[in-house]
Amino acid sequence: MIMYLSTCRSSSSSSLSLSSKLRFASTVSTITIIPWSSSTSAVSRTLYSPSLSRHIQPASFSVTYSSFRCSVPCWSYRRSPINLTAQIRTESPVFKRLERNIATMMASEHPFKRIFTSLPKPGGGEFGKFYSLPALNDPRIDKLPFSIRILLESAIRNCDNFQVTKDDVEKILDWENTAPKQVEIPFKPARVLLQDFTGVPSVVDLASMRDAMKELGSDPDKINPLVPVDLVIDHSVQVDVARSESALQANMDIEFQRNKERFAFLRWGSTAFRNMLVVPPGSGIVHQVNLEFLGRVVFNADGVLYPDSLIGTDSHTTMIDGLGVAGWGVGGIEAEAAMLGQSMSMVLPGVVGFRMTGKLRDGVTATDLVLTVTQMLRKHGVVGKFVEFYGPGLASLSLADRATIANMSPEYGATMGFFPVDHMTLQYLRLTGRSEETITMIEEYLRANKIFVDYSEPQEERVYSSYLEFDLADVEPCVSGPKRPNDRVALKDMKADWHACLDNKQGFKGFAVPKQEQDKVAKFTFHGLPAELKHGSVVIAAITSCTNTSNPSVMLGAGLVAKKACELGLEVKPWIKTSLAPGSGAVTKYLHKSGLEKYLNQQGFNLVGYGCTTCIGNSGELDESVASAITDNDIVAAAVLSGNRNFEGRVHPLTRANYLASPPLVVAYALAGTVDIDFEKEPIGNGKDGKSVYLKDIWPSNEEIAEVVQSSVLPEMFKSTYEAITQGNPFWNQLTVPSANLYAWDPNSTYIHQPPYFKGMSVDPPGPHGVKDAYCLLNFGDSITTDHISPAGSIHKDSPAAKYLMARGVQRKDFNSYGSRRGNDEVMARGTFANIRIVNKLLDGEVGPKTIHIPTGEKLYVYDAAMRYKSEGHVTIVLAGAEYGSGSSRDWAAKGPMLLGVKAVIAKSFERIHRSNLVGMGIIPLAFKPGGDAETLGLTGHERYTIDLPQRISDIRPGQDVTVTNDSGKSFTCTLRFDTEVELAYFEHGGILPYVIRNLSKQ
């Protein structure tokens, strides 16, 4: 069995804080213990060290006695993975302190002990005990959205009248009235989920925090995750080799060669830190692994039952919402704080009720549905809200379809896209190999606690903040692009839309190609064969991303399209880079069993790896002849992918047009070779009999797909896949790592480097700061994404990061990607604002990663300009438009600007996770007042800016007005986007992690 070894297993542990007002947890000296008898107050209770006693009144917390056993995930077939060699260090000072204090522990009654009750098993005995929402006898519960009920249960279970108070519980109970008031509540997720691009910097930060603890004279071992942390390595594999039977092994070989140092560091982390599971490379995509394997739905922690919940350092963590598990993406620094026991402080969200009716028409896929829903919700406005799906239409939506919709919550702007657990959920748990006993426990608990939907029974009418209704029959085949996932285009309108994009001025829907150049043909030779490219020619076609590869219907649908195309004699042109990168080995198993794998291979969609690949920019190089044809002729080349993001410059530097499409459509566009086609009226190509072949000729019916799914997707495939994951692979198992708790930093490493955040850190917080006479480093328009701010893809040969690497002997072929080097702050600071497609208004229309050094007027790379400002003793700000920081939850999009000396960002609006990340790094987020922005205020970015803030943190309020002045005499008012009292405290300390270190060092 996989066992999480820790001092604290359950999210039910009530961790103390140093401030009852701010509810900050200091949980490294806590241990969860479970009731030994039914008469004992049965809530998670906490033991405290003497150093905390001065903060605690005897009645301010509650304690439940229990064993020291760590609970384990509930899937009976899990085995201990080879990388989980960490043992509970019984000699740890933390344990010694706890043991000394057991005898003197102070206990008080849990405020909700009266509703702590037993959940009986149908055949006798009990599953465990739980906090019963119905036992509150409060009629308001029946009207609460299911997603809010999960927050309510968490607050009740963790209520100690100190960190979580009865007032907090009342706020959630009264959600209908309190949510519109933007009230603040605490939330403790049951676990944390990481992928390696965000996981490496998180482990680097934890290792560096241990060093800081030592420098402050405290115990480094206080830095340990206190909730289960699952880290899946999936972001490192690139499509270096494609269209080959040996592509999988070749790409894995290269992946380990490139990333050996990173992987060894992560393996060190899995042994040095308790409670951390690392899933080795080559296992799958994090969100698909979470859906099929890691997701519990209901935790059973030593006999205490509660809903699974999580936060993740990837914005598409929301995919798990399709399984009825509350989860969403956060910044890496926020996740690190949660690992260390911090309660999350969040604004109680509004919930949009999205009622679905009807069912999808024949020929329409789940991808078409999610692109339609994304556009609809983006238009409605759901940023910072939960979306809860319900209604009779859900009866026809498989769990995989729901997960596809939940996955793209970041694209429509919601914190969650939540599907409550129902019979379809239970059916999926059986399909993916969960045990019957576990499934029975899940159903019984959720029914007993009114968190289960049974559509065969009369439904209580729930209250939502706003309502949407949608008939699934209205969905039509579509794609999204060419630069944003919310720019949906109906398939029948695609040709006209493409030509409009060629005509339109540069923008999200425009390339500004002159009329006389739109029919240009670039002829070249590809490996001895004559070839040609035009505007709209497809050069990358990738079946990729957890969004779609988790869905058997669209994956097998793609196989059927390939099969029919092969039978009719159609072939994908050899210069198109085709690839198949599923998120789970189970996909390969059912494609093989169905007999469709060979047809995908025949069309060039060979298996290239189990990871994110093209969706995150790991598409690999294009053939030199293709790349030259694009650049020499300024061709607007296209990529078509089954991913969730298509921001310019993300998929590949040379594909300016990028379209999101279902896997079957990816195959169809690859066969057509262009996006400049009307599939209804124009043939894809000519068959072996010389006749025209249209899309309708190769498109499978829903019945065909359902039949193949039924016969080919089996529970044993999931069981065997995840049993194999726990055994690792030869590359991973051969990594040797030191056993020391403190990491031995290598000053010559270009992958792992000790960051400067905590060096010279004082015991006392530095206090709040304003900004005086700052220069504008960059002036942006709308929709600047985290890919613009901190790109994850390839490192350009002329960039500051490339120069840094070459100066240290790294050859260009070994640059790897920015994402893979996130453990090195020197590379990442140089990679900040390094996206080659970034548009900075200071450059007057020029595109690229440069800016103007205002004092001299010199044009420099952004990093070089920032360093010059710092050397001159100047601070900087960034001006931006709406949706600043949209896209991936990328902590380096905040860490990088901080290292460049950026003290504030003034924008029309912020993406939720990125604003939180800025706060976490001590950068001031300011929002222009509605109707205002840099342009309407006449700001050019050539001014110097002063932001007035009080010198005492007690004089600053969340959301208050702040005056900004500049040296041209203009003054304007902004809203301070510190949204909670918690965030103000982080600001006082210079960020969330310095806050955590200072508090832990004093224990």
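**Asking how the terms apply**

Me: The buried residues of helix H29 are Trp-892, Ala-893, Ala-894, Lys-895, Gly-896, Pro-897, Leu-899 and Leu-900. Why is H29 called largely enclosed by the rest of the structure?

Reply: This is a predicted model with residues numbered from 1 along each chain as its sequence is written, where local features need pLDDT of at least 70, side-chain atom pairs count only at pLDDT 80 or more, and totals for chains, interfaces and linings use all residues. Side-chain values are taken from heavy atoms, leaving out hydrogens and water. A residue is buried under 20% relative accessible area, exposed over 50% and partly exposed in between, with a 1.4 Å probe and protein chains only. Helices (H or I, at least four residues) and strands (E, at least two) are DSSP runs numbered from the N terminus. Eight of the nine residues of H29 (residues 892-900) are buried, and therefore the helix is largely enclosed by the rest of the structure. Just after H29, Gly-901 has a positive phi of about 95 degrees.

Me: Why is the pair of Phe-116 and Tyr-131 called tilted?

Reply: A pair of aromatic rings is described by the distance of the centres and the angle of the planes. Rings of Phe, Tyr and Trp (its six-membered ring) pair if their centres lie within 6.5 Å, and planes under 30 degrees apart are stacked, over 60 edge-to-face and the rest tilted. The centres of Phe-116 and Tyr-131 are 4.6 Å apart and their planes stand at 50 degrees, so the pair is tilted. Phe-116 belongs to strand E1 (residues 116-120) and Tyr-131 to strand E2 (residues 126-131), so the pair ties together parts that are 15 residues apart in sequence. Both Phe-116 and Tyr-131 are buried.

Me: What makes Trp-328 and Phe-386 a tilted pair?

Reply: Their ring centres are 5.7 Å apart and their planes at 45 degrees, so this pair is also tilted. Trp-328 counts as buried because its relative accessibility is 2%, and for Phe-386 the relative accessible area is 0%, so it is buried.

Me: How do you know that Arg-149 sits over the ring of Phe-146?

Reply: A charge sits over a ring if NZ of Lys or CZ of Arg is within 6 Å of the ring centre and within 35 degrees of the ring normal. The charged end of Arg-149 sits over the ring of Phe-146 at 4.4 Å from its centre, and Arg-484 lies over the face of Phe-508, 4.0 Å from the ring centre.

Me: Why are the buried residues of helix H23 said to be on the same side?

Reply: In H23 (residues 715-725) the buried residues are Met-717, Phe-718, Thr-721, Tyr-722 and Ile-725. They cover an arc of only 115 degrees around the axis, which puts them on the same side of H23, where the arc is that of the directions from the helix axis to the C-beta atoms.

Me: Is Gly-481 buried or exposed, and how do you know that?

Reply: Gly-481 is buried, because its relative accessible area is 0%. Gly-481 lies in the loop between strand E16 (478-480) and strand E17 (488-490). Not counting residues up to four places away in sequence, Gly-481 touches several residues, among them Asp-487, Asn-646 and Tyr-659, contact meaning heavy atoms within 4.5 Å.
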